[in-house]
Amino acid sequence: MQEITSKRVNLDGCVVHCLECGEAKKRAVMLLHGMKFQAETWRELGTLEVLAGLGLHVLAVDMPGFGRSPAAETLPVEVLAQFVRQQGLDRVVLVGPSMGGRIALEFAIKYPQRIAGLILVGAVGVEENRAGLTGIAAPTHIVWGAEDQIASLVNSDTLLAEIPNATREIYPEAPHPCYLVQPDRWHASLRTFFTNLNT
């Protein structure tokens, strides 16, 4: 069992809560969340422990106004940038489902030097960020539910075509939060991505 700790991080203009697991000196992975979820979702699903078990430093963040982080005026992408700097993280891997996918995309476009990898799950905001997709150089894995009724599969086509170093996996018969309904497959996807990233 990997120990999961809870902490609050004071940033400029806001306080962010996160769950942390794994060794601090290892590669950093940040788990974002969708509109209806929070950092705790990743604990409940077992994703924090799975990633820490791969020798990673895992941080599941409650964005302002969600989970245990109070609302703030600061734009989400800037909250993320402040968090990364404040925690002294080098190049991070961002995991972003749905709304978290939009934040991850915006961060990768604005701060490409801070990104070591991207995992986008049913990401929203693809068209709004389309112009910047070709500038994302980091290895990117796109995960989508075949029955996603919120983020069209066409958006995964766009990501695959525009991001230079992208791969895609579609989960059959899965809805928008495909990782929640097929957790074993999700964790297998993560293991494959990080194994490839380290080779």
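This is a predicted model: local features need pLDDT of at least 70, side-chain atom pairs count only at pLDDT 80 or more; totals for chains, interfaces and linings use all residues.
Which residue's side chain does a polar contact join to that of Glu 169?

1. The partner is His 141: a polar contact of 2.9 Å links its side chain with the side chain of Glu 169. Glu 169 itself belongs to strand β8, which spans residues 166-171.

2. Glu 169 has a relative accessible area of 18%. The residue is therefore classed as buried, because the cut-off for that class is under 20%. Not counting residues up to four places away in sequence, Glu 169 touches His 141, Ile 142, Val 143, Trp 144, Arg 185 and Ser 189.

3. Val 93 is found in strand β5, residues 92-97. With a relative accessible area of 0%, Val 93 is buried.

4. Ala 116 is one of the contacts of Val 93 once neighbours within four places in sequence are left aside.

5. On the cysteines, the count of disulfides is zero. Cys 18 takes part in no disulfide, and the nearest cysteine sulfur, belonging to Cys 21, is 11 Å away.

6. Cys 18 counts as buried, at 0% relative accessibility. Cys 178 is buried, with a relative accessible area of 0%.

Methods
Residues are numbered from 1 along each chain as its sequence is written. Side-chain values use heavy atoms; hydrogens and water are left out. Helices (H or I, at least four residues) and strands (E, at least two) are DSSP runs, numbered from the N terminus. Buried means under 20% relative accessible area, exposed over 50%, partly exposed in between (1.4 Å probe, protein chains only). Contact means heavy atoms within 4.5 Å. A polar contact is a pair of N or O atoms within 3.5 Å; within protein, one must be able to donate a hydrogen and the other to accept it, and residues adjacent in sequence count only if both atoms are side-chain atoms. A disulfide is a pair of cysteine sulfur atoms within 2.5 Å.
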